[in-house]
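Hi everyone, thanks for having me.

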There are 2 protein chains.
Amino acid sequence: MTTPDPVHPAWLPPEAFRAIGSRRTLVLGDGLLAGTVHDEVARACARYGGRVRRGAEDGPHDLVLALTTAEPLPGLAEAVLADFRREAGLTERAIGAEGYLVARRGGVTVVLADDPAGLLYGLFHVVRLGERAFAAEPLLVPRRGAEHHRPAMRRRMLDHWDNVDVHPVMGQVERGYAGGSIFWHDGAPRGDLTRVRSYARLLAACGVNAISVNNVNVHATEARLLTDRLGDVAAIADVLRPYGIRVHLSVGFASPVVLGGLPTADPLDEDVRTWWACVTQRVYDTIPNFGGYVVKADSEGQPGPFAYGRDHADGANLLAEALEPFGGVVHWRAFVYNHRQDWRDRTTDRARAAYDHFAPLDGRFRDNVIVQVKHGPIDFQVREPVSPVIAAMPATRLAVELQVTQEYTGQQRHVCYLAPMWREVLGFRPWGPDGAAVADVAAGAAGGDGGPHGRAPDGGGLVGVSNVGDDPYWTGHPLAQANLYAFGRLAWAPWTDPAAILDEWIDLTFMPVATGDAERLRRTLHAIMDGSWRTYERYTAPLGVGFMVRPGHHYGPDVDGYEYTPWGTYHFADRDGVGVDRTRATGTGFTGQYPPPWSEVYESLDRCPDELLLFFHHVPYGHVLRAGSTVIQHVYDTHFDGVEQVAEARRRWEEAAGLFDPSLHARVKDLLDEQVRCAVEWRDQINAYFFRKSGVPDARGRRIP
Amino acid sequence: MTTPDPVHPAWLPPEAFRAIGSRRTLVLGDGLLAGTVHDEVARACARYGGRVRRGAEDGPHDLVLALTTAEPLPGLAEAVLADFRREAGLTERAIGAEGYLVARRGGVTVVLADDPAGLLYGLFHVVRLGERAFAAEPLLVPRRGAEHHRPAMRRRMLDHWDNVDVHPVMGQVERGYAGGSIFWHDGAPRGDLTRVRSYARLLAACGVNAISVNNVNVHATEARLLTDRLGDVAAIADVLRPYGIRVHLSVGFASPVVLGGLPTADPLDEDVRTWWACVTQRVYDTIPNFGGYVVKADSEGQPGPFAYGRDHADGANLLAEALEPFGGVVHWRAFVYNHRQDWRDRTTDRARAAYDHFAPLDGRFRDNVIVQVKHGPIDFQVREPVSPVIAAMPATRLAVELQVTQEYTGQQRHVCYLAPMWREVLGFRPWGPDGAAVADVAAGAAGGDGGPHGRAPDGGGLVGVSNVGDDPYWTGHPLAQANLYAFGRLAWAPWTDPAAILDEWIDLTFMPVATGDAERLRRTLHAIMDGSWRTYERYTAPLGVGFMVRPGHHYGPDVDGYEYTPWGTYHFADRDGVGVDRTRATGTGFTGQYPPPWSEVYESLDRCPDELLLFFHHVPYGHVLRAGSTVIQHVYDTHFDGVEQVAEARRRWEEAAGLFDPSLHARVKDLLDEQVRCAVEWRDQINAYFFRKSGVPDARGRRIP
């Protein structure tokens, strides 16, 4: 299958399959996904002259992709499996769900998996290796033993905030910066699902195995996807299934009233329970591998259990009960806060909200409820501490939600490679250096290597808000493809170095089609992308204070934009100082939501990390940071530096013109122009704002407008 | 005709016609509008038992409404006319266009007019008088001689910013706060024009004689009203015509390209001129009394002559040439400014823009071009100086544009009776006490009593942006009806006392249906409304600085909302002071756009009126106002006072519950609750903002959040 001409192939250009397609491959095993593996190889062979056999070993092979259940296994594969089992001291079928072994024996590369999904992921592993998968020296595939890969997270999910109807304010995709939806167009499903099929391949190649196909804000038309428009969802599910991806659906909590005509949606009402049971039965009759429901309840105007005097556990358990017979899960979002705060009341703190609502409910959720927690306590700002909810619900399955779509990080007009931020979040240890990490909590007892704390029976996995649309480059900014790729890879292997993920992405996306000096291309992309998140942080809101964006669309600066609104999260800047006092001693007490040592570290003005200082403390402009400069001078310095770094990125990109496809190069160049413009705007507004307030001139005498 | 049940009759409840309807009336004269006069009286008589004759004097009458051209005139009418002509030393038909005489002779009230429109306005004069028109003593109608009424402005026009299609951001009515449009609904004309007919009566009763039926921002569908959807406009024109109201149309300057398929809209291109001539011919073939075109060109993204290297005179004259053969006019808006300003550049000044663009073009416009100037140099803020353009184009017909819809004055959720502001604007004398007033400029040589300056051959009249929608009360806030009424009355007679206009409105609207103590009702409304504009000013942006509103919707406070944007007009508040330096000495030089004495008064920090201080000067917070307090203390005081005044208005309204229709009372009560809430929000945000910046505490120790 070739993606349609105007669509960029992202990290699966046909050339990425050259190494496989020019060799002899054997595929062993039954099932839909094993068929997908065969078809992928066959397509590559048709292009590059290799051959593929399925189910019958007739002659020598360069690559064997086999299910452990296949009989008979080729001798080489049997040997690899036996070695693996012996070394690991494991019994049969122990590669694990979705996992695979990869080894090289006697000039043959062997991939083994217990289930067809693992085989598919193994295939893409070989794709990533390319020629190196077959090389004699140096070896990336072990000659003795085997590399064992399995996903840290059982569920690696993308939430699409796509609307079926074009929303009058939010458009076709809420917080979407890459054109329309690949699923929906102007009230109807897209008839042609070619893009969805291509998307499924891309996701399988980076490890994503679940998609929610509609916005968590469920409007009238979208609500009906659950009932009379279920066929639209089934059509998508059919296209995703061969790539091991399940469909989930965002549903409205008021559905029994809105769709079912019941007088109530009370989660304890018998008719309501019956309604959900019947509706869910029908969903599974139609889509047997349906994943489950996603719910945003009692949040930003969405209906929920509060209307009936019930709590989030009651609400989530209602849906979980309906899904349980079919193995489905409910993702219940913890993004609940009062968006009608009084800004005059400094004791109210939006950062506290998720913990205050959910921590007391720990232990009350059914096993197939996944409480989905945004990684920070606020809302995907460029810098936040990790949400304390993640350490507060040991008896609950928690999923950590990341925002791949760049709502607050440049909206896919700015280069902002987010993997370094996500890696920091996933590696954060809420209980200190000896405790589990965020990644361990999300992985649950089944995965990770963390300590004894905060381990639910099973983790909820990693969820990302998708950054994909019908843009020819998928993500608007061509380099934003790396965020989508990195999300999948970190959900699979959260301890991976973001620079290594970037290398993978570069190798797949650009190397097979590179037009010039490949190493220079690689250096250019690393120079532009590796530090781009910290660069973005430098020229935007300083020191963790956050939310200095234009209300509504959230692009570009507006220092006071939310300062006097009911939405919460402010900076409280006055002529003397800036920051939010969230200490227990004198502030909102938010620091007390963390376990030690962080409850103490954040509480302490001396120990609090610089980059979060204004998130936790209100300080004078002259306060000296641990790094040595004053707060106000830090603001000036980082903002001048940030702009210079963006300008340097643009310069690097311009120099690399000959190395990239001209139209891709031109697109990125235009976007870098906009990024420089916007960074200058941020710098000047932030600097002018704080200069006007503080009256402190820049120590280096630079111009502040 | 009765207005449909759920629609409030505004200032024409059936009971307002009781005095006429219970008497004997003779109507003399031909023409459509004389027929309207007859029909209005006949309808009243059907209700109240009087009788009306037309064209034949058979028996005694209490009221004679006659055209001076009618033959034979009754003796009494002949006598009134002869007296009038003798006293005025005038020749025949000298009552003037749309004017009328009213007199009382021998127990008969006589109304005489030269044209049918005058007769209609005379009828509504009698309606306003009610029983007093027929009373023996005290007399409001003179026994000797006659009262002579004629409009100061030839054109008294309402611009509807109504969209045909619902605009995704602006909705059905741009800056509309009274529901949908009475003309358009969701892409189509309203089939039922009953509301339009009722509207026409209301407008005729306050003197409006022209309507533009679509938004000055002309989108795709609205552009076609000029051509293939012209029939929709004609249908409206048919309903308005019997009430003496002409239809105007907002057109897009790019129409020759967009609608006509020409390669250019260059105003000097021969094909473009021909296109406009042909299109306009067709408009007049369809709507013989069509008024003309309204154009917003090269403003806020609308197309215009600049694209072709031409100027506004070229553009306006193009359309004027096409309209001239039919007596039509083009209203060419002077609301032109750079909305992509650099906020860092303090030399750019949006206030200067209209003058800079238009003053140099004085004398270049054709006779049937009316340059339509917003009353202030910015954009309908609660306090602005008068636009210097009004004094800068003596050889051009100027219309002054007021905003009846309360975009920046509470959006018809706040009581804000605007007639006092308008009266100040109209009475302002740009050349000093001996020169003409703004009203004289708008009236032109034909009207007013001003001095020799600034008098175009004919004035352009008064234009208001309508505040009407399909809300049952027409204007959302029931008391906002008074603004619509007052607009018409001031366009007719700009020197009228706003409190007297309010009395007229109260008498018509409430007195005939008052349920209790009528005088208490009147006192209540005066207490709430007379000072409501100044109250609104007190609790919003201080001292003329303006534009501290939420960007986009413009409701509620956001002190920095526009401070760092490309839209212009800022306050430049820092820790030391606030205001915009528009002086010639050290600022943008805007003061130099005024003739003396105002060029000197505004330039001088000592002489500048307090209420405009921050519009013209940047001053320290400790600067002492002419009124005695410091700027910062003035900010605190007025904001606390403003809220108290709104609370007092609410108290007065609650006390008056028994005096009003319960549903009207309830609506206003709800709105006053919102007004109090919003006023508190303004007070607290403005006070908190300036306290945080200045650090100066309130001298009276009140709480600032």
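Let's start with a pair of helices in chain B. Helix 5 of chain B and helix 7 of chain B make a right-handed crossing. Keep in mind as we go that this is a predicted model.

How do we describe such a pair? Two packed helices are described by the angle between their axes and the distance between the axes. Here, helix 5 of chain B covers residues 194-206 and helix 7 of chain B covers residues 230-240. Their axes come within 9 Å and cross at roughly 45°. Helix 5 of chain B and helix 7 of chain B are therefore oblique to each other.

Which residues of helix 5 of chain B meet helix 7 of chain B? They are B:Val196, B:Arg197 and B:Ala200, and across from them in helix 7 of chain B you'll find B:Ile236, B:Val239 and B:Leu240.

Now, on to aromatic rings. Searching the whole structure gives 64 aromatic pairs over all chains. One of them is A:Trp11 with A:Tyr485, an edge-to-face pair with 5.2 Å centre to centre and 70° between the planes. Have a look at where these two sit: A:Trp11 is in the segment before helix 1 (18-21) of chain A, while A:Tyr485 is in helix 14 (residues 481-492) of chain A. That puts them 474 residues apart, so the pair links distant parts of the chain.

Are these two buried or exposed? A:Trp11 counts as buried because its relative accessibility is 1%, under the 20% cut-off. A:Tyr485 is buried too, with a relative accessible area of 0%.

Over in chain B, the rings of B:Tyr570 and B:Phe572 have centres 5.9 Å apart and planes at 75°, so this pair is edge-to-face. B:Tyr570 counts as buried at 7% relative accessibility, and B:Phe572 is buried with a relative accessible area of 7%.

Rings can also join up in a group. In chain A, ring pairs link A:Phe428, A:Phe590, A:Tyr594, A:Trp598, A:Tyr602, A:Phe615 and A:Phe616 into a cluster.

My last stop is B:Gln381. Where is B:Gln381? Find the loop between strand 16 (369-374) and strand 17 (397-403) of chain B, and you have its place. At 6% relative accessibility, B:Gln381 counts as buried. If we leave aside neighbours within four places in sequence, B:Gln381 is in contact with B:Tyr408, B:Met421, B:Gly546 and B:Phe547.

Technical notes. Residues numbered from 1 in each chain as written. Chains lettered and ligands numbered in written order. Predicted model: local features only at pLDDT ≥ 70, side-chain atom pairs only at ≥ 80, totals over all residues. Heavy atoms only, no water. Axes fitted to C-alpha atoms, helices over the stretch in contact; angles between N-to-C directions. Helix = DSSP H or I, 4+ residues; strand = E, 2+ residues; numbered from the N terminus. Parallel < 35°, antiparallel > 145°, perpendicular 65-115°, else oblique. Left-handed = near helix turned anticlockwise from the far one by under 90°. Contact = heavy atoms within 4.5 Å. Phe/Tyr/Trp six-rings, centres within 6.5 Å; stacked < 30°, edge-to-face > 60°. Buried < 20%, exposed > 50% of the residue type's maximum accessible area, 1.4 Å probe, protein only.
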